[in-house]
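Reader: Could we go through this model together? I would like to start with the charged side chains and then move on to the strands and rings.

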Amino acid sequence: MKCTINRRAQFSASHRYWLPELSDAENQAKFGLCTRAPGHGHNYELFVSMEGDLDEYGMVLNLSDVKKVIKREVTSQLDFSYLNDVWPEFQIDRSEAGLTTTENIARVIWQRLKPHLPITNVQLFETSTLWADYRGNAMEAYLTISTHFSAAHRLALPTLTLEQNSEIYGLCARVNGHGHNYHLEVTIKGEMDPRTGMIADLVEFQNAVETHVVKPFDHTFLNKDIPYFAEVVPTAENIAVHIRDLLRQPIKDIGANLHKVKLIESPNNSAEVYCEDAAETVTQLQTATPELAAV
């Protein structure tokens, strides 16, 4: 029986975004404050996922052994280091090296661990609101940002009476509505540029979410202030779907694909939707469906 296990680790390190082939002005325009010398630091949080069969002791792997491998191959080398210098993959004077973006660090950690562990995913948090996932697929990676907005809503179908709506939606059907501090996670997928280490420009990604979702939604009564919800009940599920539709094209415009939208309405309630294009989904299904032999 296959089982996935996860191991957490941490390291503190500094880095700087700077490409020697660009001028000072070009670096500043492309990377902003991240170009400042001698760099800046983060407390990185690392999650390594591994898959395997259970052994006679009920384990995929002995976690003490896993801990030693991660420490030997990754954290002992990266902790309290300047990432640009520590590994050849980040030494930017080398033409084959790339910048120490969250997604690129996750990719290189995968490469360092893969010979020693049956890993299926490397997830690296640079901050609590920015993290990347890498799953071993060449230069493809996933980058997630989280943000929030505050809004009120009422769950009720206009075709039903208050009593009927209350039977379906409970207290959420009350006439004057109620509010939430919504927590939003948006994940994009794409190919990392081998030199910049980026799926897409992070500032443009953040601006797209801010412009198309946070600013229009924040401090609103969704039913009354967002035209879409004049006809659609603003459940967490419907809000997540609408955010997906709002972001799909802006994310394409910055050179990536929208992968997932997760909306956390409260600590007890969340919804998430995946965002593959219909054509892509059909292609995947066709690829995954075996042809039956003629009889």
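Reader: Is Asp53 buried, partly exposed or exposed?

Author: In this predicted model, Asp53 has a relative accessible area of 44%. That value lies between the limits of 20% and 50%, so the residue counts as partly exposed.

Reader: Which side chain does Asp53 meet in a salt bridge?

Author: The partner is Lys2, with an N to O distance of 3.7 Å. Lys2 has a relative accessible area of 55%, which makes it exposed.

Reader: Which strands hold Asp53 and Lys2?

Author: Asp53 belongs to strand E2 (residues 40-53) and Lys2 to strand E1 (residues 2-15). The pair therefore ties together parts that are 51 residues apart in sequence.

Reader: What does Glu45 form with Arg8?

Author: Glu45 and Arg8 form a salt bridge, and their closest N and O atoms are 2.6 Å apart. Because Glu45 lies in strand E2 and Arg8 in strand E1, this pair ties together parts 37 residues apart in sequence. Glu45 is partly exposed at 24% relative accessible area, and Arg8 is partly exposed at 42%.

Reader: How many salt bridges does the structure hold?

Author: There are eight salt bridges in the structure. Among them is the one between Glu73 and Arg72, whose closest N and O atoms are 2.7 Å apart. Glu73 is buried, with a relative accessible area of 16%, whereas Arg72 is partly exposed at 45%.

Reader: Let us turn to the strands. How many residues of E5 are buried?

Author: Five of the five residues of strand E5 (residues 130-134) are buried, so the strand is mostly covered.

Reader: Which way do the residues of E5 point?

Author: Leu130, Ala132 and Tyr134 point one way, while Trp131 and Asp133 point the other way. In a regular strand, side chains alternate between the two faces of the sheet.

Reader: In what sense do E4 and E5 pair?

Author: Strand E4 (residues 119-127) and E5 pair in the antiparallel sense, over five bridges. Leu124 has Ala132 in E5 as its bridge partner. The two strands form a hairpin, with two residues between them.

Reader: And how many bridges join E5 to E6?

Author: Four bridges join E5 to strand E6 (residues 140-153), and these strands run antiparallel. Asp133 stands opposite Tyr142 in E6. The hairpin of E5 and E6 has five residues between the strands, and in this hairpin Gly136 takes a positive phi near 85°.

Reader: Now the rings. How many aromatic pairs are there?

Author: The count comes to nine aromatic pairs. One of them is formed by Phe125 and Trp131, which are stacked, at 4.7 Å centre to centre with 25° between the planes.

Reader: Why do Phe125 and Trp131 count as buried?

Author: The limit for buried is under 20% relative accessible area. Phe125 counts as buried because its relative accessibility is 17%, and Trp131 does so because its value is 7%.

Reader: Why is the pair of Phe149 and Phe217 edge-to-face?

Author: The ring planes of Phe149 and Phe217 stand at 90°, with the centres 5.5 Å apart, so the pair is edge-to-face. Since Phe149 lies in strand E6 and Phe217 in helix H6 (residues 202-217), the pair ties together parts that are 68 residues apart in sequence. Both Phe149 and Phe217 are buried.

Reader: Which residues form one aromatic cluster with Phe47?

Author: Phe125 and Trp131 form one aromatic cluster with Phe47.

Reader: What sits over the ring of Trp87?

Author: The charged end of Arg112 sits over the Trp87 ring, 4.2 Å from its centre. Likewise, the charged end of Lys224 sits over the ring of Phe221, 5.9 Å from its centre.

Reader: One last topic: where is the place of Tyr169?

Author: Tyr169 is in helix H5 (residues 162-169). Leaving aside neighbours within four places in sequence, Tyr169 is in contact with Leu155, Ala156, Leu157 and Val233.

Reader: How far apart in space are Tyr169 and Ser270?

Author: Tyr169 and Ser270 are 16 Å apart, C-alpha to C-alpha, and 101 residues apart in sequence.

Terms used. Residues are numbered from 1 along each chain as its sequence is written. This is a predicted model: local features need pLDDT of at least 70, side-chain atom pairs count only at pLDDT 80 or more; totals for chains, interfaces and linings use all residues. Side-chain values use heavy atoms; hydrogens and water are left out. Buried means under 20% relative accessible area, exposed over 50%, partly exposed in between (1.4 Å probe, protein chains only). Two strands pair if DSSP finds at least two bridges between them. Rings of Phe, Tyr and Trp (its six-membered ring) pair if their centres lie within 6.5 Å; planes under 30 degrees apart count as stacked, over 60 as edge-to-face and the rest as tilted. A charge sits over a ring if NZ of Lys or CZ of Arg is within 6 Å of the ring centre and within 35 degrees of the ring normal. A salt bridge is a side-chain nitrogen of Lys or Arg within 4 Å of a carboxyl oxygen of Asp or Glu. Contact means heavy atoms within 4.5 Å.
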